[in-house]
Amino acid sequence: MNMLKDGTLPESHLKILSLEVTNICNLRCVMCGDNGLRREKDGTPVSKTTPHLLVRDRGRISLENVEKIAVQCKKNMEIRLHVSGEPLAHPKLDEIIRIFRHNVDTVKIYTNAGLLTPDKSKKLIDAGVTHIQFSVDGYNDKTYLEMRTGNFQNVVQYTNHFLKISKGK
């Protein structure tokens, strides 16, 4: 969904808003179409097999834009923070969650958990995240690395820590 030129959301009966808070990701997964959109520092596409795809700059949404969106949200809306980037790569994700929670009841994040350190877990919980979905393709180091880059043991450790400290919250 695009914002109108005046920065407002189109009038609708919108129930779910999926928002890409960043298009930066810590992994390079085999199934991700975004890999064809990545470019080197000199501007050349990372993918040699799909250089014809649209290439876009990497970035993060500003808190100012989050506030403009949040004030237009209704209490019964669901905010989903994900699209093609890793939400935890946004250094102010906890602030984004806090801003949305002033206006809506449900804020979900979808994460590969590779950046979900104990400190970030606490910040997300304290900010009021209501749901978190972990995207983990694999059940051991070998199967995980067939699909994703990263450290499977860290993902397991970070996920278990989050679940432990979030109980009862």
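**View 1. Aromatic pairs in the predicted model.** The structure contains 2 aromatic pairs. The model is predicted. Each pair is described by the distance of the ring centres and the angle of the planes.

**View 2. Phe134 and Phe162 form an edge-to-face pair.** Phe134 belongs to strand 4 (residues 131-134). Phe162 sits in helix 5 (residues 152-166). The pair therefore ties together parts that are 28 residues apart in sequence. Phe134 has 22% relative accessibility and counts as partly exposed. Phe162, at 4% relative accessibility, counts as buried.

**View 3. Tyr144 and Phe152 form a tilted pair.** The centre to centre distance is 5.3 Å. The angle between the planes is 50°. Tyr144 and Phe152 are both buried.

**View 4. Val136 lies in the loop between strand 4 and helix 4 (141-147).** Its relative accessible area is 30%, so Val136 is partly exposed. Which residues does Val136 contact, leaving aside its neighbours within four places in sequence? They are Tyr144, Arg148, Phe152 and Val155. Tyr144 and Phe152 are the two partners of the tilted pair.

**View 5. Val136 and Asn112 across the chain.** Along the chain, Val136 and Asn112 are 24 residues apart. Their C-alpha atoms are separated by 6.2 Å.

Key: Residues are numbered from 1 along each chain as its sequence is written. This is a predicted model: local features need pLDDT of at least 70, side-chain atom pairs count only at pLDDT 80 or more; totals for chains, interfaces and linings use all residues. Side-chain values use heavy atoms; hydrogens and water are left out. Rings of Phe, Tyr and Trp (its six-membered ring) pair if their centres lie within 6.5 Å; planes under 30 degrees apart count as stacked, over 60 as edge-to-face and the rest as tilted. Helices (H or I, at least four residues) and strands (E, at least two) are DSSP runs, numbered from the N terminus. Buried means under 20% relative accessible area, exposed over 50%, partly exposed in between (1.4 Å probe, protein chains only). Contact means heavy atoms within 4.5 Å.
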